[in-house]
Amino acid sequence: MPQLEQVEFFISQLFWLGVFFVVLFSVLTYITLPKIRAFLNQRDDFVKSHISKQDDLIKKAESIIENYETKLNEAKNEASKLISDAKDKALQDSESLIKSTEEKIQREIKITEERVAKEKDLAISELKDQLKDSATNFISKVTKIEKGNINI
Amino acid sequence: MAKGESPLKQFEIQPIVDINFLGFDISFTNSALWMTITTAFILIFFTVPFLKAKKTNSVSDLYPTRMQVAAELGFNFINSLLADTVGKEGKKYFPLVFTLFMFILFGNLFGMIPYSFTFTSHIIVTLALAMGVFIFVTVLGFVKHGVKFFSFFVIPGLPIYMLPLLIPIEIISYLSRPISLSVRLFANMLAGHTLLKVFAGFVSALGFFGILPLVFIIALTGLEILIAFLQAYVFAILTCLYINDALHLH
């Protein structure tokens, strides 16, 4: 077995193993591995910062949606309030208008009735006077009594 | 494989450049060549995609390139492995576990290329790696806990009279860690490659019926790639567990 027979090359193998192992170890330790680690860390940081940024944006979007919804609700409430107010007012207005119109009509009816009554009275009294006059005339003509002396 | 060649010939070390330093033979061999290729590949594979990687400034920058995804996959794999076994304190030992895993993984995988050389199939290499881990975790344990580290060998809640029996067993099991760690990797690589070579020898020896071993070695190559990954994983996860033991004792 050459592994155990070629003893003369043991020193050579150990020497070159030492050389290459030390070279490999030093270069990896001081150049390659820190480079890889720094790169990976930097990338991880980037990904992490992006994730946190994204979370912030999501939160922001959620608050905007919430804000929008509350505002929408407020506007809806206000609108329905305005509508109901307007309805109430319109109802009130029309009722009062009807009421006042009715009152006006009643008043006019009353006035007209009063006038009619007054004119009726006047007509009756005039009729009475005329009747009185004609009666007086008739009597004075028949009785030859002075008109002024006749009293009915 | 030429006829009559040993299936173990693939593990032979062949010097490419003879180097002699202070009387030591430190020739650049095929083993060293594949260590070079492995090291260079790992460094390119994990560094290049992140050299041009832009900072993530917009969502369109979030799409990584294919190479970047592959590199991140390896990074995150070891990261979660360490987090699962050791926890938060394990982060400090990430480069060590990462280097071990990638070095063994790509060493194993490149060994699957025909005519290449598997440096993890050599006990001296795996033993050196395992001893390195063993010495590291032992020193780590002493640094973290001082003399209290010896309490690691005392299983809590055990009757006193059992201790003389169990403490030596615990110590032996602790000391055998580097051996089991290195032999596991070495033996898996050795057995897999030897088996492949043996069956590859049958292909030419059986003539037309060589198609049967050919199908078998295709399936076996798939299995060997799985084992290449699995052994690197086992080495890495055991290193993590040893680090965890050194940090938390029990």
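Reply: The largest nonpolar core in this predicted model has 55 residues. Those with the most contacts inside it are B:Ile78, B:Val97, B:Leu100, B:Phe101 and B:Ala236. Both chains contribute: helix H2 (10-143) of chain A supplies at least two residues, and so does each of H1, H2, H3, H4, H6 (177-205) and H7 (211-248) of chain B. The largest share comes from H3(B), with eleven residues.

B:Ile78 gives a view from inside the core. Leaving out residues up to four places away in sequence, B:Ile78 touches B:Phe94, B:Val97, B:Phe98, B:Phe101 and B:Ala236. Among these partners, B:Val97, B:Phe101 and B:Ala236 are also listed with the most contacts in the core.

Next comes H3(B), the helix that gives the core its largest share. H3(B) has 18 residues, and the distance from its first C-alpha to its last is 25 Å, close to the 26 Å expected at 1.5 Å a residue. Because 15 of those 18 residues are buried, H3(B) is largely enclosed by the rest of the structure. A residue counts as buried here if 20 or more other C-beta atoms lie within 10 Å of its own. Within chain B, H3(B) is also where confidence is highest, at a mean of 93, whereas strand S2 (residues 20-21) has the lowest, at 80. Chain B as a whole averages a pLDDT of 88, and 98% of the residues score at least 70.

H4(B) also supplies the core. Its 23 residues should span 33 Å at 1.5 Å a residue, and its end C-alpha atoms are 32 Å apart, so the two values agree. The buried residues of H4(B) include B:Ile123, B:Leu129, B:Val133, B:Phe134 and B:Gly141. What covers the buried residues of H4(B) comes from both chains: it includes helix H1 (2-5) and H2 of chain A, as well as H3, H6 and H7 of chain B. After H4(B) comes B:Gly146, with a positive phi near 65°.

The contact between the chains takes 32 residues from chain A and 35 from chain B. On the chain B side, at least two residues come from each of strand S3 (24-25) and helices H1 (30-51), H2 (66-85), H3 (94-111) and H4 (123-145). H1(B) gives the most to this side, with ten residues. By type, the chain B side divides into 22 nonpolar, nine polar and four charged residues. For the complex, the predictor gives an ipTM of 0.88 and a pTM of 0.75.

H1(B) also holds B:Leu33. This residue is partly exposed, because 17 other C-beta atoms lie within 10 Å, and a buried residue needs 20 or more. B:Leu33 and B:Phe117 are 84 residues apart in sequence, yet their C-alpha atoms are 8.7 Å apart in space.

Chain A, which supplies the core through its helix H2, has two helices and zero strands. Its C-alpha atoms fill a box of roughly 195 × 30 × 10 Å along the principal axes. The radius of gyration of chain A is 62 Å, whereas a compact globule of 152 residues would have one near 15 Å. Buried residues make up 9% of the 152 residues in chain A.

Conventions: Residues numbered from 1 in each chain as written. Chains lettered and ligands numbered in written order. Predicted model: local features only at pLDDT ≥ 70, side-chain atom pairs only at ≥ 80, totals over all residues. Helix = DSSP H or I, 4+ residues; strand = E, 2+ residues; numbered from the N terminus. Rg over C-alpha atoms; globule rule 2.2 N^0.38 Å. Buried ≥ 20, exposed ≤ 12 C-beta atoms within 10 Å, placed from the backbone. Contact = placed C-beta atoms within 7 Å. Nonpolar A, V, L, I, M, F, W, Y, C, P; charged D, E, K, R; others polar. Core = buried A, V, L, I, M, F, W, Y, C linked by C-beta atoms within 7 Å. Expected span 1.5 Å × (residues − 1). pLDDT = per-residue confidence, 0-100.
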